[in-house]
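Reader: I would like to go through this structure with you, one question at a time. Could you show it first?

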Amino acid sequence: MRTIAHISDLHFGRVDDRVVEGLLADLEILEPTLLVVSGDFTQRARRGQFAAARAFLDRIASPKILIPGNHDIPFYDFTRRFFSPLGRYQRYITDDLTPFFQDDEIAVLGINTARSLAFQGGRISHVQIDQVKSHFMAVPPDHFKVLVTHHPFIPPPEDSTLALVGRAGLAIHALDDCGVDLLLAGHLHLGYTGDARAYYLPIKRSILVAQAGTATSTRRRGEPNNYNVISIDLPTVTFELRGWDGGKFLPHSVTRYLQVETDWRRVE
């Protein structure tokens, strides 16, 4: 069995320090196989905010997959935004914009969907689609394959009008062809799970989706700070949404899926 802790939208510069410490304490107990951070380490891509995010990451011992979000590109500094959009991110967080983790059971790839020309939205490039195919086609078929982006592939259940990652329709067919099982993202500050096939009907296989809310920011959108704990024990995958109750993180909801051939079926 493998355990992925999926956190997102930290927004250092607009954090609740008690929640930050509570999250670190929870992760220390959990000891996940892998920590995934799906973007927005900072509020405004300032040096002090990146330094605080780096100090946070240094307190977590687990291997990590880290990708930037749109808030990690300078907002008001237009020179830096268009000529070195991820310079500070690469200096303080990681210079690897296509991080990859693989062991005997799982393979996890992260790609950057943040763009200088889009202040909110994001996009997957044709080059990145080829990179995804190249990485996952080389992974043995018995591995559980995970792609991490900042921008979402499916909207929340209560609002289907929210913008999705650009070229999602094109990318989803590549993900289908190379056997990706799970998509992780953030951006919306809402936690939910689903099946991409409900939104992209031509694809042949179920592809699970898990969105993480904001783990530590005060910029919440109607739900407490939260993050996902994903337990992979094939043919079952369990998603536990852990939410801040004012003093610590506790289980908020648990959703299980059972793999039956090419389908992921929700277990009630």
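Author: Helices here are DSSP runs of H or I with at least four residues, strands are runs of E with at least two, and both are numbered from the N terminus. This is a predicted model in which local features need pLDDT of at least 70 and side-chain atom pairs count only at pLDDT 80 or more, while totals for chains, interfaces and linings use all residues. Residues are numbered from 1 along each chain as its sequence is written, and side-chain values use heavy atoms, leaving out hydrogens and water.

Reader: How many residues of the contact of α5 with α6 are nonpolar?

Author: With contact meaning heavy atoms within 4.5 Å, H126, I129, V132, K133 and M137 of α5 meet L170, A171, A174, L175 and D177 of α6. Ala, Val, Leu, Ile, Met, Phe, Trp, Tyr, Cys and Pro count as nonpolar, Asp, Glu, Lys and Arg as charged, and the others, Gly among them, as polar. Two residues of this contact are charged, one is polar, and the nonpolar ones number seven.

Reader: What is the order of the strands in the open sheet?

Author: Two strands pair if DSSP finds at least two bridges between them. β4 and β5 are antiparallel over three bridges, whereas β5 and β8 run parallel with five. The pairing in this six-stranded open sheet is mixed, and the order is β4-β5-β8-β9-β11-β10.

Reader: Which are the edge strands?

Author: An edge strand of this sheet pairs on one side only. Neighbouring strands are turned by 15° against each other on average, direction ignored. The edges are β4 (100–102) and β10 (192–195).

Reader: How many residues of β5 are buried?

Author: Buried means under 20% relative accessible area, exposed over 50%, and partly exposed in between, with a 1.4 Å probe and protein chains only. On one face of β5, I106, V108 and G110 are buried, and on the other A107 and L109 are too. Helix α5 (residues 126–137) lies across β4, β5 (106–110) and β8, at about 165° to β5. The buried residues of β5 number five of its five.

Reader: Which residue's side chain makes a polar contact of 2.8 Å with that of N226?

Author: N226 lies in strand β12 (residues 226–233) and is buried, with a relative accessible area of 3%. A polar contact is a pair of N or O atoms within 3.5 Å; within protein, one must be able to donate a hydrogen and the other to accept it, and residues adjacent in sequence count only if both atoms are side-chain atoms. The N226 side chain also reaches the backbone nitrogen of G213 at 3.0 Å. The side-chain partner at 2.8 Å is E223.

Technical notes. Axes are lines fitted to C-alpha atoms, for helices over the stretch in contact, and angles run from 0 to 180 degrees between N-to-C directions.
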